[in-house]
Amino acid sequence: MKNNLLAFFCAGAALLSAGHAKAKSKAKANPRNVLLILVDDYGWNDTSCGGSRFYETPNIDRLARRGIQFTQGYAACAVSSPSRASILTGKSPVRHGITDWIGAPWGEDWRGAGRHSKLLPPAYAMILPQEEQTLPETLKQHGYKTFMAGKWHVGGEGSLPEDHGFDINLGGYEAGSPVGGYFSPYENPKLADGPKGENLSLRLAQETAQFIERQARMNKQQPFFAYLSFYAVHGPIQSTEKNWNHFRNKADSMGIASEGFKVDRTLPVRQSQDNPIYAGLIKQMDDAVGVVLDKLEELGLMENTLIIFTSDNGGVSSGDSYSTSCLPLRGGKGRQWEGGLRVPFIIHNPYSPLHGTKTDVPAIGMDFYPTILEYAGLPLLPKQHTDGQSLIPVLKGDELAPRSLYWHYPHYGNQGGEPVSIIRDGDWKLIHYYEDRRNELYNLKIDQTELEPLNAQYPDKEVFLWKKLSVLLTEAGAKYPVSDLRYDPVKETEYKRNCQTNLLYRLEKERKLQLSPTFVPNKEWWGSRVDD
C-alpha cells in the first residue's frame, strides 16, 4: 500500500513539475510587455473616440476599440511635471514634492511674472527625488529592458531618464517643450537630427518601433517597458501646409463661429475646436501612434503587451497657444475644473475579455504603477506607489474599492489657474481657494460643467469634504502659498482688464486669420513644407 501511495505521489509530483515547467516556458515565450504612451497637453475630448467631430484620430480610436476607455480618467495635476513624476513614482505631487512645472518661479521670484497676485507660491522640488524607486527601476530589477523616447521634464543632469531606470533615452532632458519645433533640426541634445523637415512625433514613434523590433528579434524572452512620451501636442503648435489646408476646409464646412473665446474669471477660454494648426499637430501625433501599433501587430506582440494611452493634463483652452476647447467641461490645462484634470485614458489589456468598452470608474495617473506591476505578475510596492491603486480589477470587469482622489496646486498657472486644493469623493467635488479661503462644491453627476456651486444647498457636505481634504493634505506634508506683502490690487485689476480686452481682441483676430483661406503661415510655426 505504501509503495502504491509513494508511486501515486511521485507521479503527481512529476505531473505538477511538468505543468510548472510548461507554464514557465509559456511565460518566457510570452513576456508581459508594457507600452506607455503619454501625450503632452492633450484634452479629454481631443480624440474622435472621446467625442471630437473636428480632430481625426483613427489610430487612437483603433486602440480604444481594443481596450477600455476610462471616461473619468484624471491626470495627477493640471500641469506637466507633477503629473509625469506621479506616473513614474505612483505618488501624488504633494507627496513627491514636484507641485508645479519645473522652471516656474516661486516665492518672491513670482513677482517677475507681472501678475500682481495676492499670494506668493511655495517652493517645490525641481528634480525627481533620487530616493524614489521609479516604475522603470522596479521593472528593470525584474529583468525588463527599459526604453524612453520623447519628453522628460522632471530634471536635468543627474536626474535624467538614464538616472531613473531607463536603459535607453532618446530625446528626454530638462526641456518642457520642443525647443527646435516639430521639424528637424530639433535642437535636442538627446536626439540626433534627422533629414530637414522630418517630423518629431513620427521620429519618436519610429525609434520606439525599432526598439520593440530589436527586442523581439534579439531577446524574445526578455520583456520590455517602452515609454513613448510625445512632445506633441504642447506649443508651439505646428503643422504642415497640407494638414492646415485640410482642417481649415473642414472647419469651414462645419461652420465657423463668429466668436471663438469667452473670458472665464482670469483669461479668455477657447469655445470651439476649430484650430486647423492644432488639428494638424494632432494628426501627426496620431499617425505616429499608428506606427507603433502597426509594429506590434506585425510582430504579433499585441497579444502580450499592455498598452496605456493618456495625457499629462487637460487641453490648452487658455494660456499658451489657446489651441483647443474642453467644453462641456469647464477650463483646461492649468485650471482647477474638470477640463484641466480629466484626460484621455485608454488601457489595452491583452488578457482582458473587455474590448471596445467604456467605464466611468474614476482613475488617476498614479494608478499606472501598481496596474503595470500586477499585470506583469510582480509584487506590489504599496510604500512606493502610495497614492495609486491597481486598475486590473476594472480591466477584468470587477469593481474598485471606493476612494477619494485629491489634488494640491498651491501655485498660479500660466493658463489662469489659481492656488487651490481639490477633492473628489464619489460624485462630489470640492475646490478650496487659497486667495480668499472659499470653497466651491459641485456634484459631477448632476453638473459636470461646474458652473453652479452647491454650497448653499449642501452645507454639511462642504464641511465634511473640506475636513477630509485638510487631513489628506496634512498627512502628505503639503506646502501652502503665503500672502504677498507688496500686493497691489490696482495693478492686478489693470492686468486682468488687459486680459479681458486687449488679449481677447488679439486672440479673436489670430483665430480668424488662421482660418482664412488666404492665410500665409509664418516660419516660426510652419517648420516644413515637406508633405506628410
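Student: How do the residues of the lining of the second largest cavity divide into nonpolar, polar and charged?
Tutor: This is a predicted model. In it, the second largest cavity holds about 50 Å³ of space. Its lining is made up of Y173, S177, P178, V179, Y186, E187, N188, L200 and Y231. Sorted by class, the residues come out as six nonpolar, two polar and one charged.

Student: Which element gives the largest share of the lining of the largest cavity?
Tutor: The lining includes A76, C77, A78, W407, H408, Y409, V420 and I422. Two strands, β14 (404-409) and β15 (420-425), each supply at least two lining residues. By class, the lining has eight nonpolar, three polar and one charged residues. The largest share, three residues, comes from β14.

Student: How many residues apart are F166 and Y227?
Tutor: F166 sits in the loop between β5 (145-150) and β6 (168-170). Y227 belongs to strand β7 (residues 224-229). Both F166 and Y227 are buried. The pair links distant parts of the chain, 61 residues apart.

Student: What kind of pair do the rings of F261 and Y322 form?
Tutor: F261 is buried, as is Y322. Their ring centres lie 6.1 Å apart, with the planes at 75°. Planes over 60 degrees apart count as edge-to-face. So the pair of F261 and Y322 is edge-to-face.

Student: Which parts does the pair of F261 and Y322 tie together?
Tutor: The two parts are 61 residues apart in sequence. F261 lies in strand β8 (residues 261-264). Y322 lies in the loop between β10 and α9 (338-341). So the pair ties strand β8 to the loop between β10 and α9.

Student: Which rings does R32 lie over?
Tutor: R32 lies over the face of one ring at 4.0 Å from the ring centre, and that ring is Y351. R32 also lies over the face of a ring at 5.3 Å from the ring centre, and that ring is Y375.

Student: How many residues of helix α3 are buried?
Tutor: Helix α3 spans residues 80-89. The buried residues include S80, P82, R84, I87 and T89. Helix α3 is largely enclosed by the rest of the structure, because the buried count is 10 of the 10 residues.

Student: What covers the buried residues of α3?
Tutor: Just after α3, G90 takes a positive phi of about 75°. The cover of the buried residues includes the strands β1 (33-39) and β7. It also includes the helices α4 (93-96), α5 (135-141) and α10 (368-376).

Student: Which elements do the buried residues of α2 pack against?
Tutor: Helix α2 covers residues 58-66. Its buried residues are N59, I60, D61, R62, L63 and A64. They pack against β2 (68-70), α8 (276-298), β10 (305-311) and β11 (345-348).

Definitions and conventions:
Residues are numbered from 1 along each chain as its sequence is written. This is a predicted model: local features need pLDDT of at least 70, side-chain atom pairs count only at pLDDT 80 or more; totals for chains, interfaces and linings use all residues. Side-chain values use heavy atoms; hydrogens and water are left out. Buried means under 20% relative accessible area, exposed over 50%, partly exposed in between (1.4 Å probe, protein chains only). Helices (H or I, at least four residues) and strands (E, at least two) are DSSP runs, numbered from the N terminus. Contact means heavy atoms within 4.5 Å. Rings of Phe, Tyr and Trp (its six-membered ring) pair if their centres lie within 6.5 Å; planes under 30 degrees apart count as stacked, over 60 as edge-to-face and the rest as tilted. A charge sits over a ring if NZ of Lys or CZ of Arg is within 6 Å of the ring centre and within 35 degrees of the ring normal. On a 1 Å grid over the protein atoms alone, a cavity is a set of points where a 1.4 Å probe fits but cannot get out, and a pocket is an open set with protein on both sides within 12 Å along at least five of seven lines; lining residues have an atom within 4 Å of a point. Ala, Val, Leu, Ile, Met, Phe, Trp, Tyr, Cys and Pro count as nonpolar, Asp, Glu, Lys and Arg as charged, and the others, Gly among them, as polar. Grid points are joined across faces, edges and corners, and a volume is the space filled by probe spheres set on the points.
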